[in-house]
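Welcome! Please take a moment to look over the sequence and the 3D view below, and then we can walk through them together.

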Amino acid sequence: MKDKVNQIQEELANDIQKVTSSKELADLKVKYLGKKGLVTELTSNMKDLSIEEKKELGKLSNEIKNEVTEALRKLEESIQNKELQKKLEQETIDISLPSEKIKRGSRHPFNRIIEDVEDFFVSMGYDVVDGPELETDENCFQRLNVPLGHPARDAQDTFYIDTEYLLRTQTSSAQARTMQENIEKTPIRMICPGKVYRRDDDATHSHQFGQVEGLVIDKNISLADLKGTLELFAKKMLGENTKVRFRPSFFPFTEPSVEVDVSCFKCGGKGCSLCKQTGWIELLGAGMVHPNVLRMGGYDPKIWTGFAFGTGLDRLTMFRYAIPDIRFLYTNDIRFLEQFDRKDEENEIK
Ligand code: PHE
């Protein structure tokens with residue numbers, strides 16, 4: 001019996017040396033302490049022994065059982081420590097590695113244009129004003145020298161809400177508002193960017209688009225001031241070499257009225273597909289504020305003069321970023337928008 005115990009002790013000492021993992025340790029537990037384990041088996045044939053022998057064997061087997069259990073417990077502890085150590089080493093974080101790029105949204109090209117337009121005019125002393133998209137017929141037409149029944153109304157297919165209210169067809173309605181609200185603050189210098197609505201909807205026209213209006217009222221304002229202002233504006237938005245050309249035109253609320261062309265920024269004026277070989281691109285409507293409009297706004301046209309201009313923001317955005325189709329601006333295709341993550345300059349045509 002004692003020999004057997006010695007044998008177990010020796011074997012255990014040997015086995016312990018070899019164990020390197022929790023899995024092997026579990027096997028070892030079964031080998032010694034399992035139902036048919038070496039230690040358990042020591043007491044399996046006790047029924048034939050005398051009481052004395054049983055007592056002695058019981059004591060001995062208990063001792064060896066405790067000894068083995070303790071040895072295995074220590075072993076388990078050390079293996080667990082080693083495994084934890086290894087895990088910690090493997091999972092260390094290298095804080096010097098570059099981090100994953102965080103995806104950020106980017107400003108929509110349309111908003112960039114609005115901000116640029118605002119920055120330019122604010123730097124020239126203009127106020128940026130806002131006006132409602134749901135307007136009165138009075139502000140959108142009547143106070144702009146387009147009385148009820150005037151044929152010029154036909155040119156702007158209007159969404160009427162009722163006989164009095166409509167969706168503004170032009171930001172020019174902000175001219176009428178500004179004059180009424182700010183008469184005591186004259187001279188006036190303002191721009192009004194915003195959405196306008198018209199009842200046409202085809203490949204090149206959308207029923208909703210963006211415009212920016214400009215209005216200046218002061219003493220001694222002339223067409224030369226308008227030209228100088230728009231020249232600077234065109235250079236700022238479309239590049240230093242841009243030239244500006246005035247063509248006579250008609251708007252009910254300006255007199256004289258002009259259509260403003262800019263030299264084609266793609267071909268520099270030589271003629272290309274963008275400018276349809278003319279070298280010029282139509283950009284704005286403008287003119288000197290009509291005396292009737294001044295009078296309806298409360299100004300004496302003998303004392304006060306002014307100029308006004310209006311341009312489509314969608315076209316400006318498309319020119320600036322060489323966007324070929326107006327629908328890209330409204331369909332929110334992420335592949336289109338992502339291109340504007342890059343710096344502004346990369347997307348600009350210069
Ligand atoms: N409101 C005109 C349009 O929508 C543009 C314009 C504005 C013309 C101001 C002259 C003065 O076509």
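## Starting with a helix

In α5, the buried residues are Pro109, Phe110, Arg112, Ile113, Ile114, Asp116, Val117, Phe120 and Phe121. Buried here means under 20% relative accessible area, exposed means over 50%, and partly exposed is in between, with a 1.4 Å probe and protein chains only. Helices (H or I, at least four residues) and strands (E, at least two) are DSSP runs, numbered from the N terminus.

A word on what you are viewing: this is a predicted model, in which local features need pLDDT of at least 70 and side-chain atom pairs count only at pLDDT 80 or more, while totals for chains, interfaces and linings use all residues. Residues are numbered from 1 along each chain as its sequence is written, and side-chain values use heavy atoms, with hydrogens and water left out.

Helix α5 has 15 residues and reaches 21 Å from its first C-alpha to its last, close to the 21 Å expected at 1.5 Å a residue. That expected span is 1.5 Å times one less than the number of residues in the helix. Just after α5, Gly125 takes a positive phi of about 90 degrees.

## The nonpolar core

In soluble globular proteins, nonpolar side chains tend to be buried together. A nonpolar core is a set of buried Ala, Val, Leu, Ile, Met, Phe, Trp, Tyr and Cys residues joined through side-chain atoms within 4.5 Å. Which members of the largest core touch the most other members? They are Val117, Phe121, Phe307 and Phe309, out of 44 residues in that core. At least two core residues come from each of α5 (109-123), β5 (208-218), α8 (223-238), β7 (254-263), β8 (280-289), β9 (305-312), α10 and α11.

Val117 is in contact (heavy atoms within 4.5 Å) with Ile191, Val212, Phe233, Met237, Leu313 and Leu316, leaving aside its neighbours within four places in sequence.

## Rings and charges

Rings of Phe, Tyr and Trp (its six-membered ring) pair if their centres lie within 6.5 Å; planes under 30 degrees apart count as stacked, over 60 as edge-to-face and the rest as tilted. By this rule there are twelve aromatic pairs. The pair of Tyr321 and Phe340 is edge-to-face because the ring centres are 5.3 Å apart and the planes stand at 90 degrees. This pair links distant parts of the chain, with Tyr321 in helix α10 (residues 313-321) and Phe340 in the loop between α11 (334-338) and α12 (344-347), 19 residues apart. Tyr321 is buried, at a relative accessible area of 6%, and Phe340 is buried too, at 5%.

Elsewhere, ring pairs join Phe120, Phe121, Tyr126, Phe233, Phe307 and Phe309 into a cluster.

A charge sits over a ring if NZ of Lys or CZ of Arg is within 6 Å of the ring centre and within 35 degrees of the ring normal. Here are two such cases.

| Charged residue | Ring | Distance from the ring centre |
|---|---|---|
| Lys219 | Trp304 | 5.0 Å |
| Lys227 | Phe246 | 5.7 Å |

The chain is divided into domain 1 (2-89) and domain 2 (109-349), with bounds from an automatic or database domain assignment. Their C-alpha centres lie 92 Å apart.

Helix α4 (residues 51-90) has 40 residues and spans 57 Å from its first C-alpha to its last, close to the 58 Å expected at 1.5 Å a residue. Its buried residues include Leu57, Gly58, Leu60, Ser61 and Ile64. The cover over the buried residues of α4 includes α1 (2-18), α2 (22-33) and α3 (38-42).

## Backbone details

Most residues other than glycine have a negative phi, and most peptide bonds are trans. Where are the cis bonds to look at? One joins Thr186 and Pro187, with omega about 5 degrees, and Pro187 is in the loop between α7 and β4 (188-197). Another joins Glu255 and Pro256, with omega about -5 degrees, and Pro256 lies in strand β7.

Asn145 has a positive phi of about 70 degrees although it is not a glycine; Asn145 is in the loop between α6 (137-140) and β3. Is Asn145 buried or exposed? At 17% relative accessibility, Asn145 counts as buried. Asn332 has a positive phi near 55 degrees and counts as exposed, at 53% relative accessibility.
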